[in-house]
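Work through the exercises below with the structure open beside you. Try each task before reading its solution.

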Amino acid sequence: MKAIIFISTNKSGSSREAIKAAEELGYFTILFTNNEKQIQQREEYKDVHKMIFVNTHNLEKMREEVAKLQSKGMEIKNIISFTDPYVHLASILCDEFCHNYTLSKAIEIMENKEETRLSLKDKPYTPKFFSIKPNESIPTKTIYEQLDFPIIVKSPISTGSKDVFLARGKEQLIKQFENLRKKNPDESIMIEEYIVGKQYLVEALVINHKASIAGIMEQEITRGRRFIITGYGVLAKVPERIRKGIEEVLNSIIQEFGIETGALHLEIRLSKNGWKLIEINPRISGGAMNKMIQAAFGFSLVEETLKLFLGKSPSITPKHKKYVFTKYVIATKKGILEKVTGKARAKKLPGVIDVYVKPKKGTLLTPPLSMGHRYAYVIAEGSTLEEAKQRANAAAKEIIFHLKEE
């Protein structure tokens, strides 16, 4: 029996849709999870044919489980992950048990922001940065000479904006540095210039050493205690200078990392000094990304990614081109969710394609400290990006979280 092993999944979003796509492609789907809740809610994962509870941070334990599956006659065609921080671990296992079309070393570099910056330090699209090792003190004098406030302070292993801060002055810089050092004493800390400019997210596949762009999105960033992306506008038509500039950066990264086959997404800003790379991730974005690309262009990026990783020919040629905007809903205060209203009203509004509400009654909601604290989204289409955005925003305003203060 031909099977694909997935390491970790979220209940919804790109990682879950990848499992469903594998089932539709005719593969036996196996999930390695360390999430006890998923074991308890086993009946809600009908697209997962076999669920195995295992420490997903322990390579040896997962090796044992893969070997057991093979001994029972399973033909493991791929081992893959669509969630942080398991993409590299999955690729290592794939090297050992399957034909791996991707490059594990490149994935390892992309999963670590420090390694990414150091590998691309001489490129014009790399912002000015300092990497401060665990035993080093902050070189304040050098930083003040080379960088202007505000300044970005972050952990190189941060995911979902959890440990990314904006320091507006010297006191904040020292405080945030010390807080991160206390939290992760054995990790480096990154200090970077803050880039002013419009931010884009770029989804791409690498086929035969060349970038194939699946979608380019304008990002809307909400700045609270963290940088949270609360809006994505899919560009049905991309201005040539933007596409060309992004392709140059993408192909430079692919060449530098030696990637022949793979999937990645970039966050990148267009500054007065040209394109500046914010970060790279070796997978499709989570959340609603696959759905918004499907709405805009008519293909499933997770399905085409699976085909690529299975040695087949993917197709990300648009079947149609529509302007699509996705608006995320966040909580503005902390409290226990009593009920959610407005979902049905939001669905009935013009141009609305999908409405998703994540938390259930009794869940503690907080203002966002990471991307995981985005609690609902609306996807809408329009004849222009502005119309799609207006429709998504109007529908999102209908969704109300009724909270009971703790």
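**Exercise 1.** How many disulfides does the count come to?

Solution. Two notes come before the steps. This is a predicted model, where local features need pLDDT of at least 70 and side-chain atom pairs count only at pLDDT 80 or more, while totals for chains, interfaces and linings use all residues. Residues are numbered from 1 along each chain as its sequence is written, and side-chain values use heavy atoms, with hydrogens and water left out.

Step 1: take the rule. A disulfide is a pair of cysteine sulfur atoms within 2.5 Å. In general, it is a covalent bond between the sulfur atoms of two cysteines.

Step 2: apply it. The count comes to zero disulfides. Cys 94 is in none, and its nearest cysteine sulfur, in Cys 98, is 3.8 Å away.

Step 3: check burial. Buried means under 20% relative accessible area, exposed means over 50%, and partly exposed lies in between (1.4 Å probe, protein chains only). Cys 94 has 1% relative accessibility, so it counts as buried. Cys 98 has 15%, so it is buried too.

**Exercise 2.** Describe the surroundings of Ser 8.

Solution. Helices (H or I, at least four residues) and strands (E, at least two) are DSSP runs, numbered from the N terminus. Ser 8 sits in the loop between β1 (2-7) and α1 (14-24).

Step 1: Ser 8 is buried because its relative accessible area is 18%.

Step 2: list its contacts, meaning heavy atoms within 4.5 Å. Neighbours within four places in sequence aside, Ser 8 is in contact with Leu 31, Phe 32, Thr 83 and Tyr 86.

Step 3: look for polar contacts. These are pairs of N or O atoms within 3.5 Å; within protein, one atom must be able to donate a hydrogen and the other to accept it, and residues adjacent in sequence count only if both atoms are side-chain atoms. The side chains of Ser 8 and Thr 83 make such a contact, at 3.2 Å.

**Exercise 3.** In what order do the strands of the open three-stranded sheet lie?

Solution. Step 1: recall what holds a sheet. Strands pair through backbone hydrogen bonds, either parallel or antiparallel. Here two strands pair if DSSP finds at least two bridges between them.

Step 1: read the order. It is β17-β15-β19, with antiparallel pairing. β17 (364-365) and β19 (400-404) are the edge strands, each pairing on one side only.

Step 2: follow one pair. Five bridges join β15 (residues 335-341) to β19. In this pair, Ile 336 stands opposite Lys 404 of β19.

**Exercise 4.** Are the residues on the two faces of β7 buried or exposed?

Solution. Step 1: take the faces in turn. On one side of β7 (residues 164-167), Val 164 and Leu 166 are buried; on the other, Phe 165 and Ala 167 are buried.

Step 1: find the partner strand. β6 (residues 151-154) pairs with β7 in the antiparallel sense over four bridges. Within this pairing, Leu 166 is the bridge partner of Ile 152.

Step 2: Pro 150 lies in the loop between α7 (140-146) and β6. A cis peptide bond, with omega about 0 degrees, joins Phe 149 to Pro 150.

**Exercise 5.** How many cavities of 30 Å³ or more does the structure hold, and what lines the largest?

Solution. Step 1: define the space. On a 1 Å grid over the protein atoms alone, a cavity is a set of points where a 1.4 Å probe fits but cannot get out; lining residues have an atom within 4 Å of a point. Points are joined across faces, edges and corners, and a volume is the space filled by probe spheres set on them.

Step 1: count. There are two cavities of 30 Å³ or more.

Step 2: name the lining. It has 25 residues; Val 87, Thr 102, Ile 107, Pro 282 and Phe 309 lie nearest the centre. α4 gives the most, with four residues.

Technical notes:
1 Å grid on protein atoms, 1.4 Å probe; cavity = no way out; pocket = protein on both sides within 12 Å on 5 of 7 lines; lining within 4 Å.
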